[in-house]
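Subject: Structure handover

Hello,

Here is the structure I promised to pass on. Please open it first, then read the notes below.

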Amino acid sequence: MAIRKLLLLLKPIDLYPFLETDGVSLIKNHQVLRYLESRSKVHRDAINFCQEILSKKPVEWKPISRSDLSHPIRDVDMVITVGGDGTLLHASHFIDDSVAVLGVNSDPTQAHEVEELSDQFDASRSTGHLCAATVENFEQVLDDILFGRVVPSKVSRISVKLNSEPLLSHAFNDILIAHPCPAAVSKFSFKIKNKDGDTNPKTVNCRSSGLRVCTAAGSTAAMLSAGGFVMPMLSSDLQFMVREPISPGPTLAQMHSSFKAGQTMDVNWYSDHGTIYIDGCQVNYIVQLGDTIEISSDAPVLNVFLSQGFTQIRSRY
């Protein structure tokens, strides 16, 4: 498909509005203040650079701040996000499988800065795992796309039904179902069912700090940090993990596994309060005692340009 019309979705330019109130900085550590100011400048420069490159290409495009995005993205061939993984995740909630997306990491973590400043503060920034480009290679990546030398990967997302009603948002990374107070216990049960009508699925009863389910793309994020395993990016399987189970006994082995596209996870919620968090803090839904939640990969894929795709293409030239 020819790419002719683009939307440039931007992480807000004013990254740190808390730096000053009425002209007075809220941060007293001058080294941290200078560092955050420099980060804002790097992000602004990245936005300007991407706009300059786009202005030279035979495409129609317009910029929009992600904070101003409130409706599904239609009538464009591709979305280019400038920020980090969070900006791409934000965009994914407004995109169906008809629009491709390319992430540009505007301010990737610099190893030398982390080492130099580690005694002062955490200088780590965006990992950009989902971003195929930076300012260093943006024009080359863009040309590969515009000239059809690379196609987007079809990456699975998570579909969620609450009391049999589909939620509007699909998770690209993961969902977390938990009590809204992180110190509270979540009580629930779940079972994995075959869509073709398994008549005797095993029910697992849980008391824990919640349930996380991730896609292949999300398997390198919170799931991996919690001890999960990395999945092939194009896998349609979903991985799940019960967080911090209380006295699981013989069911412990059933609290971290995966299920396939032909299966669903059915969850019954037994706590007074609960929340479904989709892709971190991007979207959330309230869950109440007695609610049922159905989780599957039966969602539109996200057509996303991944860095390994460009590596494979360039190796042939």
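Helices here are DSSP runs of H or I, at least four residues, numbered from the N terminus. One point before the findings: this is a predicted model.

**Salt bridges**

The whole structure holds 10 salt bridges. Side chains of opposite charge can pair when their charged atoms come close.

Start with helix α1, residues 30-55. The side chains of D45 and K41 form a salt bridge there, at 2.8 Å from N to O. Why can these two meet? They sit four residues apart in helix α1, so about one helical turn separates them. How accessible are they? D45 is partly exposed, at 37% relative accessible area. K41 is also partly exposed, at 46%.

K56 pairs with E139 in a salt bridge, with the closest N and O atoms 4.0 Å apart. This pair links distant parts of the chain. K56 is in the loop between α1 and β4 (60-65), while E139 is in helix α4 (residues 138-146). They are 83 residues apart.

E139 has another partner. Its side chain meets that of K57 in a salt bridge of 3.0 Å, N to O. K57 also lies in the loop between α1 and β4, so this pair ties together parts 82 residues apart in sequence.

Are these residues buried or exposed? K56 is exposed, with a relative accessible area of 57%. E139 is partly exposed, at 29%. K57 is buried, at 15%.

Which residues make up the network of salt bridges here? The members are K56, K57, E139 and D143.

**Nonpolar cores**

The largest nonpolar core has 27 residues. Which of them touch the most other members? The answer is V213 and I295. Residues up to four places away in sequence aside, I295 touches I158, S159, I175, I177, V213, L238, F259, T264, M265 and V267. There is also a second, separate core of 24 residues. I3, L54, V104 and L146 are among its members.

**Strand β17 and its partners**

Take β17 next, residues 273-278. Strand β10 (residues 174-178) runs antiparallel to β17, and four bridges join the two. One link to find in the viewer: I175 has I278 of β17 as its bridge partner. I175 is also one of the residues that I295 touches.

β17 pairs with β18 as well, in the antiparallel sense, over six bridges. T275 stands opposite I286 in β18. β17 and β18 make a hairpin, with four residues between them.

**D279**

The turn of that hairpin contains D279, which has a positive phi of about 55°.

D279 is buried, yet it has no salt bridge. What is the nearest side chain of opposite charge? It is R157, 7.3 Å away.

What does D279 have instead? Its side chain makes a polar contact of 2.9 Å with that of H93. Leaving aside neighbours within four places in sequence, D279 contacts L89, S92, H93, H170, A171, F172, N173 and D174. D174 belongs to strand β10, residues 174-178.

Best wishes

Terms used:
Residues are numbered from 1 along each chain as its sequence is written. This is a predicted model: local features need pLDDT of at least 70, side-chain atom pairs count only at pLDDT 80 or more; totals for chains, interfaces and linings use all residues. Side-chain values use heavy atoms; hydrogens and water are left out. Buried means under 20% relative accessible area, exposed over 50%, partly exposed in between (1.4 Å probe, protein chains only). A nonpolar core is a set of buried Ala, Val, Leu, Ile, Met, Phe, Trp, Tyr and Cys residues joined through side-chain atoms within 4.5 Å. Contact means heavy atoms within 4.5 Å. Lys and Arg count as positive and Asp and Glu as negative; His and the chain ends are not counted. A polar contact is a pair of N or O atoms within 3.5 Å; within protein, one must be able to donate a hydrogen and the other to accept it, and residues adjacent in sequence count only if both atoms are side-chain atoms. Two strands pair if DSSP finds at least two bridges between them.
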